[in-house]
Amino acid sequence: MRTMLTGALLETPADPPVPAPGALPITPAEAAADSTSDALPDALSDPSPNAVPNVTPDAVPGALSDALPDDLLNSATINAWVDRLARFDRDVPDTERIEQLRALERLKSAAAAAQARIAVDLDTSMRAGHAATGLPAQRQGRGVAAQVALARQESPYRGGRHLGLAKVLVAEMPHTLTALEQGAISEWRAGLLAQETIFLSKEYRQLVDAHLCADPSGLTGWGDRRLTAEIRKIAYRLDPAGYTRRRAKAESERRVTSRPAPDVMARVTALLPVAHGVAVHAALREAADTAIAAGDGRTRGQLMADTLVERVTGQATATGVPVEIHLIMTDRTLLGEGEGDGREQPALLAGYGPIPAGLARRLAVTGAETETAWLRRLYVIPESGRLVGMDSTRRVFPAGLARFIEIRDQYCTTPWCDAPIRHIDHALPHHQGGATSAENGNGTCAQCNYARQAPGWEIRPEPGPRHTLRITTPTGHGYRSTAPPPPGHPRSERRRPAQRATVARQWRAG
């Protein structure tokens, strides 16, 4: 038994490559490196490492093209580079180590450029195939970004941004793409150039591209803020009306998001118009300063955080918020009973992750005392950790089943996608005889669910100790998704009992 306390860059059809634009018909303004208004765009604030092929260090002596084979590369050749990279020469002077680092960084950029061209080729081919089958234009290309994401082992959101950037670079920013191929700029810098010119016409975007990247050596030593400031100044001089429209559009996209943070914390972020953001921060700071003057012993940061919670929720104190949460734990964790480490087994807070047993018990007790929480039971197969049922005392069965699937899967079931679950859908579609059951149900984010509606996708449940899905893409590549284990059960069903006992002893030993 388990106890639960409930309480893109826009994808546009790729245009053919364009000729190199002429010189920018304006005088380059000196970049304002100390500008305070050039924060990075929110949508690009979380860069992730590139999954790219590698070569041995001696393959990049000067220009990347010097040591490349004459024949066209394929996946087997690139995979061979990956294998060889593990055998690079480490008995070298420090000067050579710096050269190795520089060469590998250039290689990462060149690989990102190759990925961009490949992604555009894939999108073009898939769209042509969709058009040949008679799909409406608005549905052509659906699911391509999801395939790019799976191939790069990233979330579908990131896959969509990679594909969108690839289209922009190939079709509208040839100088930026060339600089990326040569290793003169990074994929992150190429993304900044594309993002900051997104509101410009194709002609103006090409002018910015030529002005800044026809000779990328001029960008040497520039930081991200300086590059962003220069792009914005040039873009504003080219199209001041478009710049103003972009600001108005940005205001329409104000929002509040929440993401897990280290040490059992959460990061709540509000994207607001600058005047509103400054006003909110000033009001919280004024309230904190008033409390400190009255003798409150909390720090200014603590007071501002507590005041935010109290004012948003309308509660007298920050700890009295009546919110419905899902907290999964073993009975030994809940009651604090039993021998060994069972009573200190971490609980699982749905939407966040593991939390310490002591904090879980405190949340349970606080919720019960204030009558702001509900208690439900989840039933589990002890040997495997498979969730097989849940009490549904507050809702009718369909809603209860949907809630059960959401708790079981925790996050979107697409590999490498950790987005919150928004859709509960059939693995085997209902019109194909798929049952409305826990076995055939899976939780996905909206983007992944829509991508799977494209032709050629197949999702099927597979036998396994825990709920398992087999995802097959239109190109025939297969990916497996397995529901995470609940607290108190082995992380991997592949381990033999003796292996699990050894791991447990090592974990207890620290």
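The exercises below explore a predicted model, each with a worked solution.

**Exercise 1.** Find how the axes of H4 and H5 are arranged, and name the residues through which the two helices meet.

*Solution.* Start with the axes: those of H4 and H5 come within 6 Å and cross at roughly 110°. Angles of 65 to 115 degrees count as roughly perpendicular, so H4 and H5 are roughly perpendicular to each other. Next, look at the residues. H4 contributes Leu169, Val170 and Glu172, which meet Pro174, Thr176, Leu177 and Leu180 of H5. Sorted by class, this contact of H4 with H5 holds five nonpolar residues, one polar and one charged.

**Exercise 2.** Which residues of helix H5 are buried, and what covers them?

*Solution.* Helix H5 spans residues 174–181, and its buried residues are His175, Thr176, Leu177, Ala179 and Leu180. Now look at what lies over them: the cover includes helix H2 (94–132), helix H4 (156–172), helix H6 (187–196) and helix H7 (202–213). Finally, follow the chain onward: just after H5, Gly183 takes a positive phi of about 80°.

**Exercise 3.** Locate Thr228 and decide: is this residue buried or exposed?

*Solution.* Then check its relative accessible area, which is 0%. Buried means under 20%, so Thr228 is buried.

Technical notes
Residues numbered from 1 in each chain as written. Predicted model: local features only at pLDDT ≥ 70, side-chain atom pairs only at ≥ 80, totals over all residues. Heavy atoms only, no water. Buried < 20%, exposed > 50% of the residue type's maximum accessible area, 1.4 Å probe, protein only. Helix = DSSP H or I, 4+ residues; strand = E, 2+ residues; numbered from the N terminus. Contact = heavy atoms within 4.5 Å. Axes fitted to C-alpha atoms, helices over the stretch in contact; angles between N-to-C directions. Parallel < 35°, antiparallel > 145°, perpendicular 65-115°, else oblique. Nonpolar A, V, L, I, M, F, W, Y, C, P; charged D, E, K, R; others polar.
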